[in-house]
Amino acid sequence: MAGGSSTAGTRSARSRAASNGGRGRSRPEGPPFRKPAWPKAYSFALVTGALFLFSWLGQFLFQMAVESNEASQHGQSFAWSEFLPQFFASTFENWQSEFLQLIWQAAGLALFYYWGSSQSRESDDRMEAKLDALLRERGLDPDNP
């Protein structure tokens with residue numbers, strides 16, 4: 001009985017090896033890499049968001065100090081109703097002139113690359129052609145690796 005189970009084990013090992021192209025090891029399903037943890041995968045966005053919030057808080061505090069000093073110079077008290085519209089107006093001016101341009105340049109270019117614009121496809125096709133030529137030069141079939 002022990003001999004029969006080892007024969008069955010050998011057959012299943014052989015069938016697994018044959019289905020894997022004779023390598024004898026099973027290949028993991030899916031992509032060849034693991035997805036990184038959420039904070040690591042989005043670290044650039046997290047750092048950028050933190051820098052944005054830090055700079056926005058700095059703008060808020062410094063602009064509030066300037067508004068408070070101007071109000072005290074004129075013998076008036078600080079008024080939130082006057083400060084907040086001015087703060088948001090200056091924020092949107094900065095947003096329009098700086099952040100919107102940078103976001104469009106970075107995110108827009110990444111989006112076009114993801115969609116496969118003519119420039120990105122040209123680059124990929126050219127690289128694939130070079131790799132195929134190198135494989136043929138070494139006597140390998142690029143269509144059947």
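Me: What counts as a helix here, and where does Trp56 lie?
Reply: A helix is a DSSP run of H or I with at least four residues, numbered from the N terminus. Trp56 lies in one of these, helix H3. Keep in mind that this is a predicted model.

Me: Why is Trp56 called partly exposed?
Reply: Partly exposed sits between two cut-offs: buried is under 20% relative accessible area, and exposed is over 50%. Trp56 has 30%, so the label is partly exposed.

Me: Which other residues of H3 are buried?
Reply: Besides Gln63, the buried ones in H3 are Gly58, Gln59, Glu67 and Ala71. Across the protein, buried residues make up 10% of the 145 residues.

Me: Which residues does Gln63 touch?
Reply: Leaving out residues up to four places away in sequence, Gln63 touches Phe83, Gln86, Phe87 and Ser90. To count as a contact, heavy atoms have to be within 4.5 Å.

Me: How do you know that the span of H3 is close to the expected one?
Reply: The expected span is 1.5 Å times one less than the number of residues. H3 has 31 residues, which gives an expected 45 Å, and from its first C-alpha to its last H3 reaches 45 Å. What follows H3 is Gly75, with a positive phi near 70°.

Me: What makes up the nonpolar patch on the surface?
Reply: The members are Leu53, Trp56, Trp80, Leu84, Phe88, Phe92, Trp95, Leu100 and Ile103, and together they have about 860 Å² of accessible area. To be joined into such a patch, nonpolar side chains have to be within 5 Å.

Me: Which helix gives the most to the nonpolar patch?
Reply: That's H4, with 7 residues. H4 spans 80-115, and both H3 and H4 supply at least two residues of the patch.

Me: What pattern does the protein follow along the sequence?
Reply: Reading along, you get α-α-α-α-α.

Me: What share of contacts joins residues at least 24 apart in sequence?
Reply: It's 30%, taken among contacts between residues at least 6 apart.

Terms used: Residues numbered from 1 in each chain as written. Predicted model: local features only at pLDDT ≥ 70, side-chain atom pairs only at ≥ 80, totals over all residues. Heavy atoms only, no water. Buried < 20%, exposed > 50% of the residue type's maximum accessible area, 1.4 Å probe, protein only. Patch = residues over 30% accessible without salt bridge, like charges linked within 9 Å, V, L, I, M, F, W, Y side chains within 5 Å. Areas by Shrake-Rupley, 256 points an atom, 1.4 Å probe, with all protein chains shown as cover. Salt bridge = Lys/Arg side-chain N within 4 Å of Asp/Glu carboxyl O.
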